[in-house]
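User: I would like to know how the labels on this model follow from their cut-offs. Please set each value against its definition.

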Amino acid sequence: MSEVREARIRISEIFGPTIQGEGILIGLPTIFVRTGGCDYRCSWCDTLHAVDSDYRDQWRPMSVDEIWQDVTKLSGGKPLTVSLSGGNPAIQPLGLLIARGHGEGYSFALETQGSVAKDWFADLDTLVLSPKPPSSGMVTDWAAFDDCLRLAADKPQIALKIVVFDDRDYAYAREAAARYPHLPVYLQPGNHTPPPPDADDATIDIDGIMDRMLWLVDKVMADGWFEARVLPQLHVLLWGNKRGV
Ligand SMILES: C[S@@+](CC[C@H](N)C(=O)[O-])C[C@H]1O[C@@H](n2cnc3c(N)ncnc32)[C@H](O)[C@@H]1O
Ligand SMILES: Nc1nc2[nH]cc(C(=O)O)c2c(=O)[nH]1
Ligand code: SF4
Ligand SMILES: [Mg+2]
């Protein structure tokens, strides 16, 4: 019998090092491995070039070796944190890539909406779960979300990161956080001017995003929600809607 062929990973882009712009690892030097394809389609997704199947001809099925060559070239061979994002990276076979990187001293974070659970979540260093609020147009399957936590099995550091656009999203964030009182929660103001999938550097309403950030801070304080952390997308403040940063 011939060996089972190693499954390829659908890649949209690999870039960095840059700083992690969001959530629990904000500011940390990071290389991003962005997979192509998503089981959601959020109304305000800022990464449609990795979601919309019209752009799948720009995605490349890559082996672990090929991905690892790109990562180590970008890092100069110096270990750092690799963020697996997308699209939904949870629909790709990433277990062998994580094992490969760990063998060379790299760390791995994964960003997912929590709709698909994999046993290799337990091998991550950081799992960022970002359930989607009503403004996204998506409906959270909490059983699938619980599966993600079950398979991660308290091995990685786990954090919630919830995008908030309006009062309904805020109420959703409070409920989501209340379901998982042991998890740290990060709130992120929504970018209502996300780039269209074919624009590399579309204009952005930073003033509007900052107004929403201020509104969100006021809301959290007025509510006495003192466990929540409120952070902007730092890369968006620095580089707007530019891709690959
Ligand atoms: C592009 S997603 C990819 C990973 C995964 N599909 C997810 O949603 O978690 C990475 C992060 O960007 C956030 N995001 C997407 N569009 C956004 C927007 N317009 N404003 C603020 N955050 C956004 C998502 O909620 C998620 O936390
Ligand atoms: N610098 C930077 N930080 C990020 N945090 C989450 C990102 C993502 O698109 O998943 C992202 C990104 O694309 N760039
Ligand atoms: S789940 Fe993430 S990648 Fe998928 S559409 Fe929503 S924000 Fe975009
Ligand atoms: Mg992004």
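User: Where is His192 found, and why is His192 called partly exposed?

Analyst: His192 is found in the loop between strand S8 (185-189) and helix H5 (206-223); helices (H or I, at least four residues) and strands (E, at least two) are DSSP runs, numbered from the N terminus. A residue is buried if 20 or more other C-beta atoms lie within 10 Å of its own, exposed if 12 or fewer, and partly exposed in between, with C-beta atoms placed from the backbone. His192 has 13 other C-beta atoms within 10 Å, so His192 is partly exposed. This is a predicted model: local features need pLDDT of at least 70, side-chain atom pairs count only at pLDDT 80 or more, and totals for chains, interfaces and linings use all residues. Residues are numbered from 1 along each chain as its sequence is written, while chains are lettered from A and ligands numbered from 1 in the order in which they are written.

User: Which residues does His192 touch, not counting residues up to four places away in sequence?

Analyst: They are Trp44, Phe165, Asp205 and Gly208. Contact requires C-beta atoms, placed from the backbone, within 7 Å. His192 and Asp46 are 146 residues apart in sequence, with 9.1 Å between their C-alpha atoms.

User: What makes Asp65 buried or exposed?

Analyst: Asp65 has 11 C-beta neighbours inside 10 Å and therefore counts as exposed. Asp65 sits in helix H1 (residues 64-75). Its C-alpha atom is separated by 16 Å from that of Pro79, 14 residues apart along the chain.

User: How do you know that Asp46 belongs with ligand 1?

Analyst: A residue is near a molecule or strand if its C-beta atom, placed from the backbone, lies within 6 Å of it. Of the 19 residues around ligand 1, Asp46 is among those that come nearest, together with Thr47, Glu111, Ser130 and Asn191. Strands S5 (107-112) and S7 each supply at least two residues of this shell.

User: How do the residues around ligand 1 divide?

Analyst: Ala, Val, Leu, Ile, Met, Phe, Trp, Tyr, Cys and Pro count as nonpolar, Asp, Glu, Lys and Arg as charged, and the others, Gly among them, as polar. On that basis the shell around ligand 1 has five nonpolar, 11 polar and three charged residues. For ligand 2 the division is three nonpolar, six polar and two charged, and the residues there include Thr47 and Glu111. Ligand 3 has five nonpolar, five polar and one charged; Cys38, Arg41 and Thr47 are among its surrounding residues.

User: What makes S5 a paired strand, and which strands does S5 pair with?

Analyst: Two strands pair if DSSP finds at least two bridges between them. S5 has four bridges, in the parallel sense, with strand S4 (residues 81-85), and four, also parallel, with strand S6 (residues 126-129). Thr81 has Ser107 as its bridge partner in S5, and Ala109 has Thr126 in S6. Five of the six residues of S5 are buried, so S5 is mostly covered.

User: What is called a nonpolar core, and which residues have the most contacts inside the largest one?

Analyst: A nonpolar core is a set of buried Ala, Val, Leu, Ile, Met, Phe, Trp, Tyr and Cys residues joined through C-beta atoms within 7 Å. The largest has 45 residues, and those with the most contacts inside it are Val33, Ile67, Phe108, Leu127, Ile162 and Leu187. Strand S7 (residues 157-164) gives the largest share, five residues. A second, separate core of six residues includes Cys38 and Cys45.

Conventions. Contact = placed C-beta atoms within 7 Å.
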